Amino acid sequence: MNHTPTPAVLPATLRPSACPGLLRIVPARDGGICRITLPCGELRAPEALAIADAARQHGSGVIEATNRSNLQIRGVRAGHETALVERLLEAGLGPRGGAEATDGMSASARDDVRNLMTSPLAGRDSHALIDTTPLAAQILALLQGTPRFAGLSPKFALLLDGGERLARLDHPHDIWLAAMPDGARVRFAFGLAGCPPVAGSDAALTPALAAVEPSEVPELVCALLDTFLELAFPDDTRMRNLLATHSSDTILERVERRVNFTLLRRQSVRAWRRVPADASFRLGAHPQNADGLWHVGGQPPLGRMDSPMLHGLAELASESGNATVRMTPWQGVLLPDIEPQAVSGALERLASLGLACEPADPLTRVIACAGSTGCAKGNTDTKADARALAARLPERVEVHLSGCPRSCAAAHCAPYTLLAVAPLRYDLYRRDGTPGFGQCIAHHLTIEQAADSLERLARSPLDA
Ligand code: SF4
């Protein structure tokens, strides 16, 4: 070790953020961006209505679903920022405790730190090993109620996986916790700066470091965060930065000194592999758990809604479901608790609102960042190109269009990525297990040429 550890508590100002938040509207080419963090992706119908109205009154009317199950209002007009924030806070969309500082923690810090992802089916899937919703509520309260956690970057992210069939497992998280069967009981395996190891995955797997009892999870999270803050330097905003200078053993030893239980660090935990999830449960209608109810899901084209679409979703959730909308990390929506007799009508309504609900619909397999119409870094209009590509996309092919190498639309590596290198020109990458977008297999393609290449690849995956 070359450095002396920094003090245990880092002031939040040491890690200033340019990320949008509810109280931090960030300028973009198409106006301000206001990001609304939703606890575990859940949005109550009145909150959805408030967002739909506020987006129209104070922004361009575009509401974007993010790949962390949140929403952002785009095109916020100059001079409307305060009114927009007030409207959203009034609707109850801010952090716990509202706009005031509580326990010495600013509202903005409490908003930033709520970065916990769960399955959109949490508490609704009989195949899950555990209902994570009570634990998730405890962790969110802990994050927002502990002033020293204001020192975390808004990008610092946690995953709590209950073993649901629908789960996004390929987004790297600073801390991940995943339910693991252990005989008749359930424990939580955990790891740092990565993803749970999934059985049969073609990605490089990093085994779990250790496991704990479900009741020990909040204390473990607290100890992991305190250890990060103790050891990290101001520039080390993510767990991967810390792991570049400290071994996971060092981190676990410090964690063990902080907790009142023993971390289970045996071979069976390292050998554990998570059962693969199935992303098809995000689309169409599916039975939930044993309660006889169903959920329906769909995809707003390219992750973007307008005010009438969000209004319609809120009304549909109130009339046919439990008056909540769950956002998914596929930039989609899921409405839970639909009575069997209302399922087909609900699906028809989703489709009439403009959501893609069938896996065969190419718009469920294309993602694109804001591109040059919304972002100064964009080399081309990725949204328009994505629509043109969708019209020619071969069956089952999934593709990501990125306006520059920052990859804002995808935290995962898509099977194919089109990286814009100039207006209307893209390099084509194929996922091959290496970091980044994978292997570059063609340069400077038009969208028509990209569609032709993807067609050939779909017929013969090894032939570019
Ligand atoms: S990937 Fe690049 S072009 Fe696209 S939104 Fe992000 S920064 Fe902008």
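Predicted model: local features only at pLDDT ≥ 70, side-chain atom pairs only at ≥ 80, totals over all residues.
Is Arg 365 buried or exposed, and at what relative accessibility? Arg 365 counts as buried because its relative accessibility is 10%, where buried means under 20% relative accessible area, exposed over 50%, and partly exposed in between (1.4 Å probe, protein chains only).

View 1. Residues are numbered from 1 along each chain as its sequence is written, and side-chain values use heavy atoms, with hydrogens and water left out. The protein chain has a mean pLDDT of 93, and 95% of its residues reach 70 or more; pLDDT is the predictor's confidence in each residue, from 0 to 100. Over residues 1-15, though, the pLDDT is below 50. The chain is divided into domain 1 (12-271) and domain 2 (365-459), with bounds that come from an automatic or database domain assignment. Ten residues from domain 1 and twelve residues from domain 2 take part in their contact, where contact means heavy atoms within 4.5 Å. The C-alpha centres of the two domains lie 28 Å apart.

**View 2. The surroundings of the ligand.** Look for Cys 369, Ala 370, Cys 375, Lys 377, Gly 378, Ser 402, Gly 403, Cys 404, Arg 406, Ser 407 and Cys 408 around the ligand; a residue is near a molecule if one of its heavy atoms lies within 4 Å of it. This shell divides into five nonpolar, four polar and two charged residues. Here Ala, Val, Leu, Ile, Met, Phe, Trp, Tyr, Cys and Pro count as nonpolar, Asp, Glu, Lys and Arg as charged, and the others, Gly among them, as polar.

**View 3. Helix α1 and what covers it.** Helix α1 (residues 45-58) has 14 residues and reaches 20 Å from its first C-alpha to its last, close to the 20 Å expected; the expected span is 1.5 Å times one less than the number of residues. Helices (H or I, at least four residues) and strands (E, at least two) are DSSP runs, numbered from the N terminus. Among the buried residues of α1 are Ala 48, Ile 51, Ala 52 and Ala 55. An α-helix has 3.6 residues a turn, so residues three or four places apart point the same way. The cover over the buried residues of α1 includes β2 (31-36), β5 (71-76) and α9 (307-320).

View 4. Ser 60 sits in the loop between α1 and β4, and counts as partly exposed because its relative accessibility is 48%. Ser 60 and Gly 75 are 15 residues apart in sequence, yet 4.6 Å apart in space, C-alpha to C-alpha. Leaving aside neighbours within four places in sequence, Ser 60 is in contact with Ala 55, Arg 74 and Gly 75.

View 5. Thr 37 is buried, with a relative accessible area of 13%, whereas Cys 40 is partly exposed at 22%. Cys 40 also has a positive phi of about 55°, although it is not a glycine.

**View 6. Back to Arg 365.** Arg 365 lies in the loop between α10 (343-352) and β16 (366-368). Not counting residues up to four places away in sequence, Arg 365 touches several residues, including Pro 359, Leu 393 and Glu 395.
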